[in-house]
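Trainee: Please take me through this structure one feature at a time, and show me how each one is read.

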Amino acid sequence: MWSRQYRRHWLPGIMAGLLIVSSAQGADRFDAARAFGYLERICEIGPRISGTAGMTAQQELIERHFAQFPCKIFHQDFDVPHPQSGEPVRMKNMIISWHPAARERVLLACHYDTRPHPDRELLPINRDKPFIGANDGASGVAFFMELAHHMEGLKPHYGVDFVFFDGEELVYEKGDKYFYGSEYFATAYRDRPPEYRYVAGILVDMIADKKLTLYQERISLRYASAVTRSVWDTARRLRENSFIARPKHELNDDHVPLNEIAKIPTCDLIDFDFPYWHTRNDLPAACSGDSLKSVGRVIMAWLESYDGK
Ligand SMILES: [Zn+2]
């Protein structure tokens, strides 16, 4: 009697619990130390401004890294006028495609260029010093380099593309254009539709802040509320407390062209409470592999649970 009752009433609950634990354990494989090592390696290159040798070195590092995995690497190359000299600057979006035959896909993206100057430094003399962009630039790249180790073990509902956008902030002065890479990508997707379709997107930006706080971003809620809520629901299920399910900032970021031009419902996962934003102190010391891991656990579990409903 006891065992029948146990079976009837408790076993399904225990089994469901085991399933949740096992998927959370899968996500736990995300290696915080290795991810942080990638972030340091990217920062060792120095600034990675669009069109410079630093950016080329980073592109080579990315090519070498992803060549180890069963994914396909595509490029989108195009020129934009340099905001100061007007000379052409070669831009390159990099697309890392997993399960490339899948006709329905999700987009996981970040920008990988760094701002030319730390222009939020208080003293003008410091604004000419190098900007390394450990959080604002390297964090997204390091995150995807680590996530690559786990893609084979994941069972997402859709094909997955990692996209590195160039030219997010080739910005020298107020009024210079932002979002070259994401605009190019979104316009190409709209005007020359590929054989596949993106059902959802997540943009990550500044996700390595030591004191990670991720509020829901307002433009994401407007254009991609279901995607946004599904990400924070996943975080709640995994007890990732750095995700706070309340709106806070409204930010122009690479998700705007994706939502407005490409009509891909895309949520911006960004820690905009980073104290060293656009300063010389955006360095690895301000970042943490544990923060990358918090985001990694959520994105890995989201990839396996998100089915567009
Ligand atoms: Zn920035």
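## Reading helices, a sheet and single residues

Mentor: Let us begin with a pair of helices: helix 2 and helix 4 cross in a right-handed sense. Please keep in mind throughout that this is a predicted model.

Trainee: At what angle do helix 2 and helix 4 pack, and how far apart are their axes?

Mentor: Helix 2, which covers residues 32–44, packs against helix 4, residues 134–147, at an angle of about 130 degrees, and their axes are 8 Å apart. An angle over 145 degrees would count as roughly antiparallel, and one of 65 to 115 degrees as roughly perpendicular; helix 2 and helix 4 are therefore oblique to each other.

Trainee: Which residues of helix 2 and helix 4 meet?

Mentor: On the side of helix 2 they are R34, A35, Y38, L39, I42 and C43, and these meet A134, A138, S139, V141, A142, F143, M145 and E146 of helix 4. Sorted by side-chain type, the residues of this contact comprise eleven nonpolar, one polar and two charged.

Trainee: How is helix 4 placed relative to helix 9?

Mentor: The axes of helix 4 and helix 9 are 10 Å apart, and the two helices pack at an angle of about 55 degrees, so this pair, too, is described as oblique. The crossing of helix 4 with helix 9 is right-handed. S139, A142, F143, E146 and L147 of helix 4 form the contact together with L292, V295 and G296 of helix 9, and the residues involved divide into five nonpolar, two polar and one charged.

Trainee: Now the sheet, please: what is the order of its strands?

Mentor: The general idea is that strands of a sheet pair through backbone hydrogen bonds, either parallel or antiparallel. Here the sheet is open, with six strands in the order 1-2-4-3-5-8 and mixed pairing. Strand 1 (72–81) and strand 8 are the edge strands, each pairing on one side only, and from one strand to the next the twist averages 20 degrees.

Trainee: Which helices lie against the sheet, and which strands do they touch?

Mentor: Helix 3, residues 53–66, packs on the sheet and touches strand 1, strand 2 (88–98) and strand 4 (159–165), its direction making about 15 degrees with that of strand 2. Helix 4 lies across strand 3 (104–111), strand 4 and strand 5, and runs at about 140 degrees to strand 3.

Trainee: How many bridges join strand 5 to strand 8, and do the two run parallel or antiparallel?

Mentor: Strand 5, residues 197–205, is joined to strand 8 by five bridges, and the two run parallel. Within strand 8, I270 stands opposite D205, while C267 is the bridge partner of I202. Strand 3 and strand 5 also run parallel, joined by six bridges, and R197 in strand 5 is the bridge partner of E104.

Trainee: Is strand 5 largely enclosed or largely open?

Mentor: Burial is judged by counting neighbours, and a residue needs 20 or more other C-beta atoms within 10 Å to count as buried. Seven of the nine residues of strand 5 are buried, so this strand is largely enclosed by the rest of the structure.

Trainee: Where is A286 found, and is it buried, partly exposed or exposed?

Mentor: A286 is found in the loop between strand 8 (266–270) and helix 9 (289–305). Because 17 other C-beta atoms lie within 10 Å, A286 is partly exposed. If neighbours within four places in sequence are left aside, the contacts of A286 are A134, N135, K210, Y276 and N281. Of A286 and K210, one can say that they are 76 residues apart in sequence but 5.8 Å apart in space, C-alpha to C-alpha.

Trainee: My last point concerns backbone angles: what is phi of H99, and what is phi of K263?

Mentor: Phi of H99 is near 50 degrees, which is a positive value in a residue other than glycine; likewise K263, although not a glycine, has a positive phi of about 60 degrees. H99 has its place in the loop between strand 2 and strand 3, and it counts as partly exposed because it has 15 C-beta neighbours inside 10 Å. K263 is in the loop between helix 8 (255–260) and strand 8, and its 13 C-beta neighbours inside 10 Å make it partly exposed.

Terms used: Residues numbered from 1 in each chain as written. Predicted model: local features only at pLDDT ≥ 70, side-chain atom pairs only at ≥ 80, totals over all residues. Helix = DSSP H or I, 4+ residues; strand = E, 2+ residues; numbered from the N terminus. Buried ≥ 20, exposed ≤ 12 C-beta atoms within 10 Å, placed from the backbone. Contact = placed C-beta atoms within 7 Å. Axes fitted to C-alpha atoms, helices over the stretch in contact; angles between N-to-C directions. Parallel < 35°, antiparallel > 145°, perpendicular 65-115°, else oblique. Left-handed = near helix turned anticlockwise from the far one by under 90°. Nonpolar A, V, L, I, M, F, W, Y, C, P; charged D, E, K, R; others polar. Pairing = 2+ DSSP bridges.
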